[in-house]
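Me: I would like to go through the labels on this structure and ask what each one rests on. Please set the value against the cut-off each time.

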Amino acid sequence: MTMVIIIVLVIVVVSLVIYNVSIYKKLQSYNNLSQKVVNLNVLQDFMNTIGEVSTVDQKIEKINEILIERYEIKYSTIVVFDGTEYKIKASNVDRKHWEALKKLQEVEIFKDSISTATPKYVTVNNEKERLPYQQMEFGRAKSAIFFPLYIDNVYIGYWIIESGVPHDFDNVDTTIFEIVRENIITVLKTTVHQRTLESLVRTDLFTGLNSAEYLYSEGKKQIEKYTISTVCMFRITNIEKINQEFSREMGNKVITEVARYVEENISKEYVFVRYMGPKFVIVFSGLENEGVAEFLNDIKIAIENMKIRLTDDTEPEKIVISKTKKKVKEKPAATPKLNFVLSTYYKGTGLEELLKKLEEYIDSADKSESEINNI
């Protein structure tokens with residue numbers, strides 16, 4: 001009888017062990033799945049950030065805020081090498097500590113981490129100690145993990161997370177943060193092209209307007225405030241004829257006068273750039289096509305009634321009668337002709353593709369065409 005009881009107890013104990021192991025594995029699986037969901041959600045937040053905010057620096061700052069909130073990080077700092085120096089692109093650390101934080105590549109303990117592309121964990125054992133890179137601070141950070149950042153095997157900077165508690169990251173699964181680091185790199189990759197565009201934005205010497213690249217950088221910040229906007233491209237269709245019949249100097253004067261008139265007669269809320277040569281783009285942020293066409297028609301009529309001369313502004317041609325009663329005509333005047341094409345832009349869609357479509361239309365149009373078209 002005793003033997004039977006012992007056997008039953010053994011079976012029960014073994015069954016409980018198997019059950020507990022099964023439950024543990026399920027919990028581990030659940031935790032792993034839960035972490036994957038968190039990581040996917042964070043990555044989705046990253047991708048949303050790319051479309052929601054304008055400049056590269058704003059995107060990086062927003063990403064850092066997401067990291068701090070979603071992973072409950074005390075301090076997070078992203079440092080990027082811009083080709084000449086290391087710059088802190090995002091941090092929730094007090095600015096008085098930034099000088100030390102942007103020189104971590106010079107700290108001996110992190111040099112090996114950079115050369116091997118592996119994270120480095122540092123901590124202290126008591127409140128009186130300081131981390132290797134700290135110069136004048138004691139109380140802020142007591143443990144940190146340093147992550148070097150690489151794009152296509154090229155070192156571009158680092159991400160460092162910090163805690164005010166010693167040994168706070170001892171039991172942290174760093175693979176989670178490795179995934180986060182890769183997400184940061186993914187976002188940085190997607191913003192490389194935008195950063196290039198931002199650096200290419202120039203002010204046109206003739207008109208004083210921003211170049212086309214402005215549309216994809218700072219200008220987009222204004223455009224993306226609205227769900228729907230109207231994009232207008234127009235061309236001075238007879239600019240080649242003006243250059244031929246008058247001079248290149250007259251052609252430049254026509255371009256500057258047309259740009260001046262349009263800029264003076266549209267709201268500062270709208271984005272107006274010299275797109276290329278005699279082509280210009282206006283983005284009427286928040287307006288639909290119907291409300292724009294009539295306004296543009298007035299602009300078109302006014303400009304096509306201009307008499308532009310090299311010696312004066314756009315006054316109508318005058319007839320001057322001398323004392324000898326002979327009529328003396330002033331110098332010949334050029335009159336611009338414009339062709340407009342409009343389309344609707346929806347927030348978050350491809351502005352570059354839309355502009356390409358408008359440009360193809362306006363370039364293929366007959367030179368004699370002078371209309372306001374909607375495509």
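This is a predicted model: local features need pLDDT of at least 70, side-chain atom pairs count only at pLDDT 80 or more; totals for chains, interfaces and linings use all residues.

Me: Why is Phe284 called buried?

Reply: Buried means under 20% relative accessible area, exposed over 50%, and partly exposed in between (1.4 Å probe, protein chains only). Phe284 has 1% relative accessibility, so Phe284 counts as buried.

Me: Why is Phe295 called partly exposed?

Reply: The relative accessible area of Phe295 is 29%, so Phe295 is partly exposed.

Me: What makes Phe284 and Phe295 an edge-to-face pair?

Reply: Rings of Phe, Tyr and Trp (its six-membered ring) pair if their centres lie within 6.5 Å; planes under 30 degrees apart count as stacked, over 60 as edge-to-face and the rest as tilted. For Phe284 and Phe295 the values are 6.2 Å centre to centre and 85 degrees between the planes, which is edge-to-face. The pair links strand β8, which holds Phe284, with helix α9 (residues 289-304), which holds Phe295, and the two are 11 residues apart. Helices (H or I, at least four residues) and strands (E, at least two) are DSSP runs, numbered from the N terminus.

Me: Why is the pair of Tyr86 and Tyr155 called tilted?

Reply: The ring centres of Tyr86 and Tyr155 are 6.3 Å apart and the planes are at 50 degrees, so this pair is tilted. Tyr86 lies in strand β2 (residues 86-91) and Tyr155 in strand β5 (residues 154-163), 69 residues apart. Both Tyr86 and Tyr155 are buried. They belong to one aromatic cluster, whose members include Phe81, Phe110 and Tyr158.

Me: How do you know that the charged end of Arg140 sits over the ring of Tyr75?

Reply: A charge sits over a ring if NZ of Lys or CZ of Arg is within 6 Å of the ring centre and within 35 degrees of the ring normal. The charged end of Arg140 is 4.9 Å from the centre of the Tyr75 ring and sits over this ring.

Me: What makes the span of α10 close to the expected one?

Reply: The expected span of a helix is 1.5 Å times one less than its number of residues. Helix α10 (residues 351-364) has 14 residues and reaches 20 Å from its first C-alpha to its last, close to the 20 Å expected.

Me: How do you know which residues of α10 are buried and where they lie?

Reply: Leu351, Leu354, Leu355, Leu358, Glu359 and Ile362 are buried. They cover an arc of only 135 degrees around the axis, so they are on the same side of α10. The arc is that of the directions from the helix axis to the C-beta atoms. On the other side of α10, Glu353 and Ser364 are exposed.

Me: Why is Cys232 called buried, and what does Cys232 touch?

Reply: Cys232 has a relative accessible area of 0%, so Cys232 is buried. Cys232 is in strand β6. Contact means heavy atoms within 4.5 Å. Not counting residues up to four places away in sequence, Cys232 touches several residues, among them Phe280, Phe284 and Phe340.

Me: Why is Asn238 called buried?

Reply: The relative accessibility of Asn238 is 14%, so Asn238 counts as buried. The side chain of Asn238 reaches the backbone oxygen of Thr335 at 2.8 Å.

How values were computed. Residues are numbered from 1 along each chain as its sequence is written. Side-chain values use heavy atoms; hydrogens and water are left out. A polar contact is a pair of N or O atoms within 3.5 Å; within protein, one must be able to donate a hydrogen and the other to accept it, and residues adjacent in sequence count only if both atoms are side-chain atoms.
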